[in-house]
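Please consult the sequence and the model shown here while reading.

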Amino acid sequence: MADKTMQVVIKDNAKQAYIGYMVHSCRTSYSDSYAEIMDRLSGRTCEVDTRHLFKTSFNVIDPDNPEIIIDVRWLFCEVINDIRGQKMKCTYCGETQDIDTKCSKCNKTDYLENLLVQRQNI
Ligand SMILES: [Zn+2]
C-alpha cells in the first residue's frame, strides 16, 4: 500500500462502542450486520475511499472485500494522511474536489465548504 494512502484506524472496541451508542441514544434498534462488520474491523487500518469525503465520517474500503464500502462515522481513533485539508465539498451537488472558488461539477460558487473545520474555543 502506498505511503500517502489516506487511512483510518478503527477503534479496538468498535462493536461495543457502536452498540452502546445506539442503545444509549434510544435508537429503536441497531444493525447486527453493521455490529459484526465493526467487530471484524476492530483495531484494523482501513483505506479511505477519497472520491467522496465528509467532515465527520469516512467511506472506508473493506480490507477483506475491496468491492465493499463501509460508512464509518466515529468508530475510528486515528486518521492517517488526512487529505481533507486539501479538499472541498460542494453542498449543492455533493462533489468532492480540490480547493477552488467554484464547483468543478455544477459550477456553483456559494456551496463549497472546507472539509476540515477548525475547532471553536467555546
Ligand atoms: Zn457542485
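Strand β6 (residues 87–90) pairs with strand β7 (residues 96–98) in the antiparallel sense over 3 bridges. Helices (H or I, at least four residues) and strands (E, at least two) are DSSP runs, numbered from the N terminus, and two strands pair if DSSP finds at least two bridges between them. This is a predicted model, in which local features need pLDDT of at least 70 and side-chain atom pairs count only at pLDDT 80 or more, while totals for chains, interfaces and linings use all residues. Residues are numbered from 1 along each chain as its sequence is written.

Lys87 has Asp98 of β7 as its bridge partner. The hairpin of β6 and β7 has 5 residues between the strands, and Gly94 in this hairpin takes a positive phi near 90°. Strand β6 is also joined to strand β8 (residues 112–114), again antiparallel, by 3 bridges. The two pairings are set out below.

| Strands | Bridges | Bridge partners |
|---|---|---|
| β6 and β7 | 3 bridges | Lys87 and Asp98 |
| β6 and β8 | 3 bridges | Met88 and Asn114 |

The domain assignment, automatic or taken from a database, divides the chain into domain 1 (7–82) and domain 2 (85–114). Their C-alpha centres lie 25 Å apart. Contact, defined as C-beta atoms, placed from the backbone, within 7 Å, links 4 residues of domain 1 with 4 residues of domain 2. The side of domain 1 that touches domain 2 has 1 nonpolar, 1 polar and 2 charged residues; here Ala, Val, Leu, Ile, Met, Phe, Trp, Tyr, Cys and Pro count as nonpolar, Asp, Glu, Lys and Arg as charged, and the others, Gly among them, as polar.

Helix α1 (residues 14–24) has Ala14, Lys15 and Tyr18 as its buried residues. These line one face of the helix, because they fall within an arc of 105° seen down the axis of α1, the arc being that of the directions from the helix axis to the C-beta atoms. A residue is buried if 20 or more other C-beta atoms lie within 10 Å of its own, exposed if 12 or fewer, and partly exposed in between, with C-beta atoms placed from the backbone. Gly20, Val23 and His24 are exposed on the other side of α1. The cover over the buried residues includes β1 (7–10) and α2 (32–41). Cys26, which follows α1, has a positive phi near 60°.

Cys77 lies in strand β5 (residues 76–80). Cys77 counts as partly exposed because it has 13 C-beta neighbours inside 10 Å. Not counting residues up to four places away in sequence, Cys77 touches Val9 and Lys11.

Methods: Contact = placed C-beta atoms within 7 Å.
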